Each structure stands twice: as structure tokens, then as C-alpha cells.
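Opening my notebook on this one.

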There are 2 protein chains.
Amino acid sequence: MLNRLEMLRIFCTAAEARNFKEAAQQLGISPQVVTRAIQELESQFGELLFHRNTRQCRVTREGERLAHIARQGVEGIDCLFRRAEANAAQQVEGTVRLTAPEAIGQTSLVHSLARLRQQYPGLHFELHLEDDETDVVDEQIDIGIRHGLIRDSRFVARQVAEVPFFMVAAPALLARCGVPRTLKDLQQQPVVGTIDQRTGKPWPWFFRQESQWIPQELAFISNSTQAECAAVLAGFGFAQMPGFVAIPHLRSGDLVEVLPELAPTPWALSVYRPQRSPVPARVRVVYDCLVSDFSNAAFFPLLP
Amino acid sequence: MLNRLEMLRIFCTAAEARNFKEAAQQLGISPQVVTRAIQELESQFGELLFHRNTRQCRVTREGERLAHIARQGVEGIDCLFRRAEANAAQQVEGTVRLTAPEAIGQTSLVHSLARLRQQYPGLHFELHLEDDETDVVDEQIDIGIRHGLIRDSRFVARQVAEVPFFMVAAPALLARCGVPRTLKDLQQQPVVGTIDQRTGKPWPWFFRQESQWIPQELAFISNSTQAECAAVLAGFGFAQMPGFVAIPHLRSGDLVEVLPELAPTPWALSVYRPQRSPVPARVRVVYDCLVSDFSNAAFFPLLP
DNA sequence: TTTTGAATTCCCAAAACAGGAATAAGCTAC
DNA sequence: GTAGCTTATTCCTGTTTTGGGAATTCAAAA
């Protein structure tokens with residue numbers, strides 16, 4: 001018998017049972033195994049653990065002392081594996097780590113998570129808001145939401161919506177500078193943008209037929225789409241922004257779309273998670289919920 | 001891998017090592033085993049414990065949490081078995097339970113134990129003083145000293161001395177009643193005795209050629225040889241007592257022997273212990289010491 | 001691009017194990 | 001006392017588990 005944990009478990013049971021046979025029955029093993037386990041323990045401890053003859057067994061005092069300590073040890077390990085069973089039994093609890101673009105993470109995502117939390121009070125969330133892709137495996141992320149293609153084959157990605165881009169400006173700015181009629185018109189105007197963290201350059205603007213333009217002189221540049229949006233609202237200049245940032249302001253009239261005919265093909269919005277073989281229940285539940293919520297057009301009514 | 005303890009041990013090591021290979025080297029096993037143990041744990045917990053690819057391994061946060069708890073559990077069990085090793089390495093410490101006749105336990109035995117205690121400060125003693133044989137196995141005794149034959153085959157007995165019986169009386173009593181010349185004389189005199197716990201009757205007196213006499217009318221009877229001795233010293237009557245009770249008083253003159261020619265064959269004094277297969281070092285040390293001390297004639301100078 | 005080194009999978013010999021049958025030895029009831 | 005019953009133990013054998021060599025895969029480094 002090499003399995004120390006089982007030896008101790010057998011010993012603890014035997015110490016409480018009236019005899020080895022009873023202990024064996026409780027453990028669902030044969031009495032021979034009990035005998036051997038106890039013998040092995042006795043030889044390891046150099047100490048008699050049971051007074052026994054062919055007829056009866058009584059634990060010695062040293063045995064009782066050992067049983068007392070051993071019970072704690074065995075219980076400690078068992079308790080650990082009981083959690084495992086609870087986990088395997090698909091209990092939804094623990095921390096789920098998510099990453100999402102700022103504008104989504106600060107609004108609709110939080111509502112989805114809040115509902116999940118009501119349903120599963122054991123859930124905790126950790127939210128990393130980044131507009132650029134981050135190394136999800138290294139960052140130990142369970143679920144991500146990203147605007148744009150997910151190329152990485154380590155991920156299971158699910159496209160849930162198509163989010164268009166809008167070129168927008170504040171009404172005050174338009175009143176001052178006039179409404180641009182062509183791309184050229186637009187490129188003469190002050191422009192607001194964001195930084196691509198990976199390259200350090202401004203994000204390009206995208207137009208129909210896959211054409212791009214990287215603005216060179218920006219009136220305002222930031223690493224935050226929310227700041228960018230605030231700048232546009234303040235009349236700093238024109239900007240291109242994804243629907244989930246622009247739509248609320250277009251609806252309220254705080255922003256106005258320009259040159260809609262140049263708008264590029266919408267980009268996919270994807271919910272994704274790393275391809276890890278055992279998917280904990282808590283992750284699956286959140287993933288499914290987000291896929292369902294973000295597939296719901298109500299979150300991204302594509303136009304008024 | 002069925003051995004949960006080893007699985008956890010491997011996991012804890014891997015969680016601290018830089019990679020599986022290193023963990024395997026530390027544990028003296030092959031990397032395959034590490035892989036398997038971790039996979040098994042992951043499937044049991046339904047939880048990825050390491051982010052890994054063919055090139056690198058990093059523990060997940062859930063893994064770190066588990067490792068933290070698991071370390072305690074594994075350490076708990078290991079600590080238990082470290083004691084076992086200390087025991088096996090023949091450390092002399094712990095409690096030794098002894099039984100002995102009252103008169104021996106209150107005097108010379110205590111001195112032997114005191115010397116042992118000086119030599120092995122980790123030793124503790126538990127002393128059961130009983131003049132009659134007790135069921136040593138049930139009483140969980142490690143070592144016994146007994147005056148008389150040890151018949152029980154469950155014991156390893158070692159005869160260390162021969163202790164004679166003396167018929168004695170106080171000088172004052174002799175002055176009052178005269179010195180008996182024959183057994184008949186003696187049987188007319190007041191007598192002091194002890195009770196045989198097993199039968200409830202007085203202990204017989206023993207004489208040469210195996211003859212016995214059970215005194216019927218006793219001036220004083222007790223279950224304690226020390227009390228019996230005190231009664232004799234106080235002049236209650238005559239008594240027969242073993243050397244280890246009588247000799248000090250014969251030496252000091254507080255008692256006088258009568259009818260020495262009737263004295264029976266001396267009885268053996270034996271040190272014995274239950275036949276338990278692993279004999280803990282502490283028991284062996286004490287046993288050897290007692291055998292040696294009580295074999296030493298200085299403790300029982302058979303006559304002045 | 002090639003090279004390198006770690007994780008993993010596959011496979012099989014060796015070790016460990018479990019339990020049936022036989023044995024020994026108390027208790028109990030006659 | 002003795003027969004019968006029960007339990008611990010030992011021996012033995014078929015089965016399971018295990019560990020590591022060889023081959024494979026794959027990401028990082030060169």
C-alpha cells in the first residue's frame with residue numbers, strides 16, 4: 001500500500017469502527033486491505049496502532065492520538081476534492097475575467113453581468129477594458145468581446161453582431177465649418193482620433209471598398225474611445241467611431257453623421273474565449289449569456 | 001493516477017517550478033507523470049490549472065489558489081509521516097505506561113524512571129500500581145513488573161530476581177505475645193493480610209514444600225501491601241510479606257522475622273511486556289533499563 | 001526559414017493491488 | 001468441555017495501475 005492518504009483514511013475509519021470487518025464494509029473494501037493498511041502504517045510508525053487478536057480490535061492510545069491528527073489531514077484533502085466535485089457538478093461560482101472595448105464594457109456589458117450576478121450570486125467579475133487586442137492567454141482572461149476579426153486560432157470566437165462605423169461631428173462644428181460633401185472636404189477639416197497601441201500611430205479611418213486613410217494631423221488624439229467621443233462632442237473635430245460609441249449620441253442628436261455613403265462594411269462584433277479543454281461552468285454560463293445578449297439587436301439598433 | 005496526495009504534491013511542485021520538466025526533476029519522476037497528474041486534476045476540478053503549450057507552462061489563477069490550499073493539505077499529511085520517520089529513527093520520546101506492585105512502584109521503580117528521564121528528557125511515564133495482575137492488553141500497558149509467575153503467553157517475560165517471603169511481626173507484638181516456635185503457634189496469633197482482588201478472599205500464606213494457609217480471622221485486612229505493612233508495624237499482628245516490602249524494615253529493626261525455617265521457595269520477580277510486533281524505541285529502552293536495574297542485587301539484598 | 005526543446009501521446013513491461021481460499025484463534029452457547 | 005461461529009491474517013493469483021522510453025507535436029529562438 002503506497003497510497004498514504006488511503007492508508008490514513010482506512011486507519012481513521014478502523015479507529016472508529018468496532019472491528020476491521022465493519023470498517024471494511026463502511027469503506028466498501030475487503031478486510032484484507034484494512035489489515036494490510038494498518039500493518040503498513042504500524043511498520044512506518046514503528047508503533048502498535050491496534051491491540052488485536054483474531055477476535056477483536058481496539059485502537060491503542062498512540063493510535064487514537066494519530067487518528068485524531070490524521071482525521072484532520074484526510075479531511076483537509078477530502079474537502080479540497082469535494083470542491084472539485086461541486087465544480088464538476090457544474091456549480092456556477094467563482095471569478096470570471098473578461099476583456100472588452102471600453103465603450104461596451106462601461107455600458108451594456110455591465111448590465112448583462114449584473115443580471116448574471118442576480119441569477120448566480122456566487123459569480124464575481126473582473127473586467128479589463130482595452131480597445132486593442134491583448135494577449136488573452138497571458139492576461140488570463142476567460143472571455144473577451146472584440147470589434148473586428150479574431151484571427152488567433154487559440155480562441156473559440158462567435159460573431160454576434162455587425163457594428164457599422166460612423167463618421168460624425170458635433171452640430172456646432174458643422175454649423176461652423178459646413179457639412180463636408182466629399183472625403184476630400186472631410187480631410188481638410190480638424191480631426192479627432194485614437195492611438196493604435198501596437199503601432200503607436202493613429203488608427204486609420206475605413207471607407208467603402210476597403211480603402212483606408214490614416215489622419216496625420218489630429219486636433220485631439222487619445223488612447224480612449226470615450227475620450228475621443230467626448231472630444232468630438234466638444235466640437236474638436238470630426239471622427240470615425242464604431243456604432244456602439246456613436247449610436248446613443250446620434251439618437252439624441254448630440255452628434256450628426258456625415259458622408260454616410262462612404263461608410264465601410266460593418267465589422268463583426270465577436271464574443272470569444274480561449275480554447276481550454278475543461279470549460280468551467282461559470283465561464284460557459286457567462287459566455288452563453290453574452291452571446292445571447294449581444295446577438296440581441298436591441299443593444300445595437302443599427303440606425304434610428 | 002489514483003493517488004490524490006501524489007497528484008497534489010506534483011501539482012504544488014509544478015506550480016512553483018518554471019516548467020514541468022523542472023518539476024519532474026525536483027520530484028525525481030518523469031515529465032510524463034507530471035503531465036498526467038495535472039491532467040487528472042484538471043479533469044477532476046473541471047478547471048484549467050496551467051496555461052500551457054508545447055513550449056511553456058504557466059499556472060492559472062485558479063491553479064494558484066488551489067496550489068495554496070493544496071500545499072497546506074499535503075504539508076499536513078507529510079508532517080504526520082515525518083513524525084513517523086523520527087519514530088522509526090528510534091527517537092526515545094513519548095509516554096510509556098507501566099504497571100508494578102505498589103511497594104516497588106513507590107520506591108525503586110521511581111528511581112529507575114527518574115534516571116531514564118534524565119537520559120531521555122522526552123520520556124513521559126504513566127504508572128499503574130496494582131498488586132494483582134491486571135489485563136495488561138486492555139489496560140494498554142507497555143511494561144509490567146510482577147511478583148510471581150507470568151503465565152500469559154501474550155507476554156514476553158524476563159525473570160530478573162528471586163524475592164523471598166518473610167513472616168514478620170513488630171518487636172512490640174513479639175514482646176507481648178512471645179515468639180512463635182511452630183506454625184501452630186503462629187496460627188493462634190492475630191494476623192494481618194491482604195485481599196486477593198480476583199477471589200475476594202484473603203491471600204494465602206505460603207510455606208516450604210508448597211503448602212498454603214488461608215488465614216480466616218484477620219485483625220486487619222486491606223487491598224494494599226503498604227497498608228498491611230503499616231498495620232504490622234503498628235503491632236496489629238503477624239503477616240507474611242515479600243522481600244521488597246519487608247527487607248527495609250527488617251534491616252532497620254522495625255520488624256522481626258519469625259519461623260524463617262518455614263519460608264517458601266522465593267518467587268520470581270519478572271519484568272514483562274506485551275508481545276507486540278513493532279516495539280517502539282521508548283519501550284525497549286525502558287524495558288532494558290528495568291531488566292538491568294532489577295537484576296541488580298543491590299535492590300534486593302536477600303538478607304542482611 | 002530551420003533548429004531546438006518542452007509537452008504530450010502511445011505503448012508495454014513491471015509493480016501494485018484486490019479479493020478468494022485457507023488458516024488461526026477467540027468468543028458463545030450448549 | 002466442546003462445537004460452532006466469527007474475525008483477523010496469510011498466501012496466492014488474476015487484474016489493474018503505473019512509469020518511463022520512443023515518437024510526435026508545436027511554439028519560441030536563432
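Before looking at helix pairs, a reminder to myself: an axis here is a line fitted to C-alpha atoms, for helices over the stretch in contact, and angles run from 0 to 180 degrees between N-to-C directions. Also noted: this is a predicted model.

**Entry: the helix pair.** I looked up α4 (residues 61–88) of chain A and α4 (residues 61–88) of chain B. Their axes come within 9 Å and cross at roughly 155 degrees. Angles over 145 count as roughly antiparallel, and α4(A) and α4(B) are therefore roughly antiparallel to each other. I also jotted down that their crossing is left-handed.

Next I checked who touches whom. A:Ile69, A:Ala70, A:Gln72, A:Gly73, A:Gly76, A:Ile77 and A:Leu80 meet B:Ile69, B:Ala70, B:Gln72, B:Gly73, B:Gly76, B:Ile77 and B:Leu80.

Entry: I laid chain B on chain A: a turn of 179 degrees and a shift of 0.1 Å along the axis do it, with an RMSD of 0.3 Å. The copies are thus related as by a two-fold rotation axis. And 100% of the interface residues of chain B are interface residues in chain A too, so the copies meet through the same surface.

**Entry: DNA strand D.** Which residues come nearest to DNA strand D? Of the 21 around it, they are A:Asn19, A:Phe20, A:Lys21, A:Thr35 and B:Thr54.

How values were computed:
Residues are numbered from 1 along each chain as its sequence is written. Chains are lettered from A and ligands numbered from 1 in the order in which they are written. This is a predicted model: local features need pLDDT of at least 70, side-chain atom pairs count only at pLDDT 80 or more; totals for chains, interfaces and linings use all residues. Helices (H or I, at least four residues) and strands (E, at least two) are DSSP runs, numbered from the N terminus. Angles under 35 degrees count as roughly parallel, over 145 as roughly antiparallel, 65 to 115 as roughly perpendicular and the rest as oblique. A crossing is left-handed if the near helix is turned anticlockwise from the far one by less than a right angle, and right-handed if clockwise. Two residues are in contact if their C-beta atoms, placed from the backbone, lie within 7 Å. A residue is near a molecule or strand if its C-beta atom, placed from the backbone, lies within 6 Å of it. Copies are superposed by least squares on the C-alpha atoms of residues with pLDDT of at least 70 in both.
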